[in-house]
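I'd like to walk you through one structure, and please have it open while I talk.

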Amino acid sequence: MASTTTEQASEGASGGMMPQLDFSTFPNQIFWLLVTLVILYVLLSRVALPRIGGVLAQRKGSITADLRAADEAKQKAVDAERAYNDALARARSEAGKIVAEAKADIQKDLAAETVKADAEIAVKVAQAATALDEIRAGAADAIAIVAKDTAAELVSALGGKAETAAITAAVTARLKG
Amino acid sequence: MAETAHSEGGLVFHPLDQFQIHPLFGDGPISWYTPTNATLWMALALLAITLVFVVGSSARALIPTRMQSVGEIMYSFIHNMVEDVAGHDGARYFPMIMTLFLFILFVNFLGLLPGSFTPTSHIAVTAVLGFGVFIFVTLLGLYKHGLGFLGLFWMKDAPLILRPIIAVIELISYFVRPVSHSIRLAGNIMAGHAVIKVFAAFAPIILISWIGVIVTPVSILAITAIYALEVLVAGIQAYVFTILTCVYLKDALHPGH
C-alpha cells in the first residue's frame, strides 16, 4: 500500500499535469466505458427493466382488481341488506294480515255465540215467566178456595146458613179488590 | 507514508493523484485493452447495478423486498421523468436513459468510498457520454424530421429581423451543449474529490507541528462537510445529466418550440 502510494505520488509529480488530460489513457477508458455501457444496456433492456415494469404493471392491475372486487362485495352487501329489509317488511305485513284475519274470525264467532246465547236466555226467561204465571194463577185459585171455605165455615160458625153461591160471589168480588 | 511526507517538506499535496489511471496487474504501459482501476470501478458499478436490479427483482414479488423496492423507485423515477420531459413517445428511449442514469449514479457513489476511483471524474468518460447523447439526439432529430429539425433554431414567434441572429445564437448554444454536458459532470466530481484530498492533506499536520491542534480538527470537520456535499452532488449530477438528456431528446422528438 505504502509502496504504491509513493509510486503514484512520484508519477504524479513527474507527470506534473492532470491525469484527466493524459491522452494516452483515453483509448483505454473509452474502450472499457463502451464495454460497460453495452453490457449495462443489454442487462437493463433485456432483463431488469421489463421485469420491473412487469411487476409494477401487475401490481397496478391487482390493486385495480382488488378495488373492483371490494366494490362488488360492497354492492352485494347493499343488495343483501335491501333483500333482508324487503323480507322483513313482507313478513311484517303478512303477520298484520294474519292478526287481522284472526281478529275478524274471533269477532264473527263471538257474535254468533252471543246471538245463540241471547236466544237461549230468551227461551229460558219465557219458560220461567210461564212457570211463574202458572204458580201465580195456582196461588190465586188456592186463595179463592181457601177464602170460600173459610167464609163458609165462618158463616156456619156464626149460626148462619151458608149459601154457597152468595159466598162465592162475595169472595170473588173481594178478591178482585 | 510519513517518510514521503517529510521528503516533501512536511505535507503531501497531491490532490490529483487519486485520478491516476494505472494497470490493475503489473506495471506496464496502458494500451486500449489493459484492465485498469477505471475498468475495475466500472465493473464494480455494473456489479452493484446487477445486484439491485437483476438479483433484487428476481423474485418478481407483488409485495417487494427492500432491494426490489429500491429498483422500482428508481425505475418509476426515471420513467416518469422521461415521460414528463420528453413526452410519451420518449418512453421508447427509456432503457437508454436508464442506462446513463444508473451508470453515472453508481459510479459517482462508488467513487465516494475511501480509496476508490471515480471514472466519471475523467473527461474522457463524460465526453463519450455527453457527445454520445449529442450525436444520438441530433441524428434522431434529423431522421425523424429531416430538415424540419432545423426549425429548432428558427424562432417563429420572434420578430423577423431578430430571427437570423437568434438562429446563430441557438446554433452556437446547441453545439456547446455536449461540452457543457460532459464538463459539468466531470468538473463537479473532480473538484469535490480534489477538495476532500486537499483537506485530507492538512489533517496529519498535528504529527508535524503544534498548530495542528487547531488545523487538524478543522480539516477533519471540513472533510466531513465536503463529503456530505459530495454525496449530494453525486446524486444531483446523475439527475442533472439525465434530465438534460431528456430535454435534448424532447428537442429531437418535438423540435417546434
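Let me begin with what I mean by a patch: patches are made of residues with over 30% relative accessible area and no salt bridge, where like charges are joined within 9 Å and nonpolar side chains (Val, Leu, Ile, Met, Phe, Trp, Tyr) within 5 Å. The accessible areas come from the Shrake-Rupley method with a 1.4 Å probe, and for residues only the protein chains shown count as cover. A salt bridge here is a side-chain nitrogen of Lys or Arg within 4 Å of a carboxyl oxygen of Asp or Glu.

Now some housekeeping. This is a predicted model, in which local features need pLDDT of at least 70 and side-chain atom pairs count only at pLDDT 80 or more, while totals for chains, interfaces and linings use all residues. Residues are numbered from 1 along each chain as its sequence is written, chains are lettered from A and ligands numbered from 1 in the order in which they are written, and side-chain values use heavy atoms, with hydrogens and water left out.

So, which residues make the nonpolar surface patch? B:Phe131, B:Ile135, B:Leu139, B:Leu142, B:Val168, B:Ile172, B:Val176, B:Val179 and B:Ile183 make it, and the patch covers about 760 Å². The elements that give two or more residues to it are α5 (123-145) and α6 (163-202) of chain B. When I say helix, I mean a DSSP run (H or I, at least four residues; strands are E, at least two), numbered from the N terminus. The most comes from α6(B), with five residues. B:Leu142, for its part, sits in helix α5 of chain B. With a relative accessible area of 37%, B:Leu142 is partly exposed; buried means under 20%, exposed over 50%, and partly exposed in between (1.4 Å probe, protein chains only).

Let's stay with α6(B) for a moment. Its axis and that of helix α7 (residues 212-253) of chain B come within 8 Å and cross at roughly 170°. That makes α6(B) roughly antiparallel to α7(B). The contact between α6(B) and α7(B) has 17 nonpolar, eight polar and four charged residues. Axes are lines fitted to C-alpha atoms, for helices over the stretch in contact, and angles run from 0 to 180 degrees between N-to-C directions. Angles under 35 degrees count as roughly parallel, over 145 as roughly antiparallel, 65 to 115 as roughly perpendicular and the rest as oblique. For the classes, Ala, Val, Leu, Ile, Met, Phe, Trp, Tyr, Cys and Pro are nonpolar, Asp, Glu, Lys and Arg are charged, and the others, Gly among them, are polar.

On to the charged pairs. How many salt bridges are there over all chains? The count comes to four. One of them pairs B:Glu72 with A:Arg59 at 2.8 Å, N to O. B:Glu72 lies in helix α3 (residues 66-86) of chain B and A:Arg59 in helix α2 (residues 26-157) of chain A, so this pair joins two chains. B:Glu72 is buried at 5%, and A:Arg59 is buried too, at 16%.

Another bridge links A:Asp79 and A:Arg82 at 3.7 Å. Both lie in helix α2 of chain A, three residues apart, about one turn of the helix. A:Asp79 is partly exposed at 35%, and A:Arg82 is partly exposed at 48%.

Finally, A:Lys60 is also in helix α2 of chain A, and at 64% it counts as exposed.
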